[in-house]
Amino acid sequence: MILKGIEASRYFAKPDPTKAGVLIAGADPMRVALKRQELIAGLIGPEGEGEMRLTRIQASEMRKDAAALLDAVKAVGFFPGPRVAFAEDATDTLAPTIAAALKDWKSGDATIVVTAGNLTAKSALKMLFEKHPNAFCAILYDDPPTREEIADALKKAGLTSIDREAMADLTTLARALDPGDFRQTLEKIALYKHGDPTALTPVDVAAMAPATLEAEVDDLLHAVADGRAPAIGLLMRRLEGQGVLPVTICIQALRHFRALHIAASDPSGVANGLQRARVFGPRRDQMQRQALALGMRTLEKAVADLLETDLTLRSTSRAPGMALMERALIRLAMARRQDTR
């Protein structure tokens, strides 16, 4: 049987111990590992591994000993309670071995949990679990978590009072980060709000979001987009002193002005466009004002100018990179001032 979307998320949160087994497969190892951890914890509880009710079996071990999985499924533990036989990093070559264990599975045996990488549509392992009447197959894709999944994760972390805009920012953040980093960010937010009864706000989310190079260049880009040309030179010298390359500044500038262009050209409005561009937190309000002030046509010219600057920086030109980048940014800032007169 196949598990998809919300149905899969609900099953992982509260699995059925009467099922023979579950296959979790996907191209992203972190997504697979997180869902596998959630599933096993749901089956045997937080003390299950300490009570030796979890048996881990590597794929290489199963190749050497075909009976290893079946032995783990049938083994009787010292502690009462559900058991799990976990087969890690399985491939199609192990489908016959896993099929034999599923065939011999009886009520009371350990649940078979199998993880695998990216499987093809005709994968023997995938077909085995899909067609089995008492087993599940869950294929994980690189889709961002849904609002329901984020809400469940926040609830598990102890956060129940969440501002509407903060939830929108978390949804945006979930699309920008990989699953492991997003989970760590949620845990960090939960610790930050521990003992605080007030609702989670966008400012809280921004304060706990992972720091990136973009945050280092933000002051410069906001000065450009706000038309503060005199401030650009000092900010450029500061970044140059930190060893930031002109190409890096150009890449971040392109991302910033492309996000503004997406926002300015969105038929549903600037706010919706910024959400599509994955902009969240206090930056969103400032960039919303910038997109409205600059307009779509000015932003089109800005993106084109930055693309030309990027090509020049990557070419064999002998022009000094920082000076070239600074001149381009001053030109953009001056264009803002001219357009708002």
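Author: This is a predicted model. Let us start with helix α2, whose buried residues are Arg31, Val32, Ala33, Leu34, Lys35, Arg36, Leu39, Ile40, Leu43 and Ile44.

Reader: How do you know that the length of α2 agrees with what a helix should span?
Author: Helix α2 covers residues 29-44, which is 16 residues, and at 1.5 Å a residue these should span 22 Å. The end C-alpha atoms are 22 Å apart, so the two values agree.

Reader: What is found at the start of α2, and what just after it?
Author: At the start, a side-chain oxygen of aspartate 28 comes within 2.9 Å of the backbone nitrogen of methionine 30. Just after α2, glycine 45 has a positive phi of about 80 degrees.

Reader: Is aspartate 89 buried, exposed or partly exposed, and why?
Author: Buried needs under 20% relative accessible area and exposed needs over 50%. Aspartate 89 has 47%, so it counts as partly exposed.

Reader: Why is threonine 111 called buried?
Author: Its relative accessibility is 5%, and the cut-off is under 20%, so threonine 111 counts as buried. Threonine 111 lies in strand β5. Leaving aside neighbours within four places in sequence, its contacts include Pro17, Leu43, Val84 and Trp105.

Reader: And what about serine 123: why is that one buried?
Author: Serine 123 has 1% relative accessibility, again under 20%, so it counts as buried. Serine 123 sits in the loop between β5 and α6.

Reader: What makes the link between serine 123 and aspartate 92 a polar contact?
Author: Their side chains are joined at 2.6 Å, and the cut-off for such a pair of N or O atoms is within 3.5 Å.

Reader: Why are α5 and α6 described as roughly parallel?
Author: Helix α5 (residues 95-103) and helix α6 (residues 124-131) pack at an angle of about 20 degrees, with their axes 9 Å apart. Angles under 35 degrees count as roughly parallel, so α5 is roughly parallel to α6. The crossing is right-handed.

Reader: Which residues meet there?
Author: Ala95, Ile98, Ala99 and Leu102 in α5 meet Ala124, Leu125, Leu128 and Phe129 in α6.

How values were computed
Residues numbered from 1 in each chain as written. Predicted model: local features only at pLDDT ≥ 70, side-chain atom pairs only at ≥ 80, totals over all residues. Heavy atoms only, no water. Helix = DSSP H or I, 4+ residues; strand = E, 2+ residues; numbered from the N terminus. Expected span 1.5 Å × (residues − 1). Buried < 20%, exposed > 50% of the residue type's maximum accessible area, 1.4 Å probe, protein only. Polar contact = N/O pair within 3.5 Å; in protein donor to acceptor, adjacent residues only side chain to side chain. Axes fitted to C-alpha atoms, helices over the stretch in contact; angles between N-to-C directions. Parallel < 35°, antiparallel > 145°, perpendicular 65-115°, else oblique. Left-handed = near helix turned anticlockwise from the far one by under 90°. Contact = heavy atoms within 4.5 Å.
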